[in-house]
Amino acid sequence: MRTAMLISALLLTLSFSAHAAETETCCGAISVRGAQLAEQLQNSGVERLWLAGKHVDWESGEPDQGDKPAKSHCSAFAAAFAKKRDVYLLRPPQHSQVLLASAQVVWLQSEAARTAGWRAVADARAAQTLANQGQLVVAGFQSPDPHKPGHIAIVRPAELSEQDLQQNGPRLTQAGQRNYLSVNARIAFRYHAGAWPDGIRYFAFEDTIAPSSP
């Protein structure tokens, strides 16, 4: 009887530990600055602006009278959101909206980007951690085909479990073929072969270098 009770207690402890591991946040709690960033993203209007299939003003996301509708506006939204935070991310008129996402990823690796305050981030965990701390972080993919678009999105503060991070990547806000206030990276990059999971690059603004992975 005593042995059975010990085994039962051990199984209960293991079950509790496994549940705790699943629910424990991978990347820290959302700070006050992180909550402010989340609120800015929530109020960005991305779910109704920068809509695919329309020609839009890159900064406002409103439809305009441009000649050729674009398939999507991920890069315009990212640049516009960065500008609202007084951060420069490659944008018109320095580069047209055409194939801008790939150009942004290339630019983010340049000395000009480093001078502007951008740094490469080690991985998805560091990207989500920094976003939770309130830093502006982007996730980007440079298309291997120079004639096809890449993709870029803003990393959104979120308290994710380790399992969720490993399976789905960080949480994002994006314009694209579909616009999302909140979506995981696996879904956000699903239209770009080679992006998920190893082709996505992460970059953070500010002079803080991303924490190293454990």
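Predicted model: local features only at pLDDT ≥ 70, side-chain atom pairs only at ≥ 80, totals over all residues.
Colleague: What percentage of the residues count as buried?

Modeller: Of 214 residues, 45% count as buried. Buried means under 20% relative accessible area, exposed means over 50%, and partly exposed lies in between (1.4 Å probe, protein chains only).

Colleague: How many helices and strands are there?

Modeller: Eight helices and six strands. Both are DSSP runs numbered from the N terminus: helices are H or I with at least four residues, strands are E with at least two. The pattern along the sequence is α-α-α-α-α-β-α-β-β-α-β-β-α-β.

Colleague: Which residues of α4 are buried?

Modeller: Eight of the nine residues in α4 are buried. They are Leu100, Ala101, Ser102, Ala103, Gln104, Val105, Trp107 and Leu108. These buried residues pack against α3, α5 (111-116), β1 (118-121), β2 (137-141), β3 (151-155) and β6 (201-205).

Colleague: How is a pair of aromatic rings described?

Modeller: By the distance of the centres and the angle of the planes. Rings of Phe, Tyr and Trp (its six-membered ring) pair if their centres lie within 6.5 Å; planes under 30 degrees apart are stacked, over 60 edge-to-face, the rest tilted. By this rule there are four aromatic pairs. One of them is Phe77 with Phe81, a tilted pair at 6.2 Å centre to centre and 35 degrees between the planes.

Colleague: How far apart are Phe77 and Phe81 along helix α3?

Modeller: An α-helix has 3.6 residues a turn, so residues three or four places apart point the same way. Phe77 and Phe81 are four residues apart in α3 (residues 74-84), about one helical turn. Both are buried. Another pair, Tyr88 with Trp107, is edge-to-face: 5.4 Å centre to centre, 75 degrees between the planes.

Colleague: Which parts does the pair of Tyr88 and Trp107 tie together?

Modeller: Tyr88 lies in the loop between α3 and α4 (100-108), and Trp107 in helix α4, so the pair ties together parts 19 residues apart in sequence. Tyr88 is partly exposed, at 26% relative accessibility. Trp107 is buried, at 13%. Ring pairs also link Trp50, Phe77 and Phe81 into a cluster.

Colleague: How much space lies in the largest pocket?

Modeller: Rolling a probe the size of a water molecule over the atoms shows where empty space is left. On a 1 Å grid over the protein atoms alone, a pocket is an open set of points with protein on both sides within 12 Å along at least five of seven lines, a 1.4 Å probe fits in a cavity but cannot get out, and lining residues have an atom within 4 Å of a point. Grid points are joined across faces, edges and corners, and a volume is the space filled by probe spheres set on the points. Here the largest pocket holds about 790 Å³. Its lining has 35 residues, and closest to the centre are Lys71, Ser72, Leu99, Lys148 and Pro149. α3, α4 and α8 (185-188) each give two or more residues to this lining.

Technical notes
Residues numbered from 1 in each chain as written. Heavy atoms only, no water. Contact = heavy atoms within 4.5 Å.
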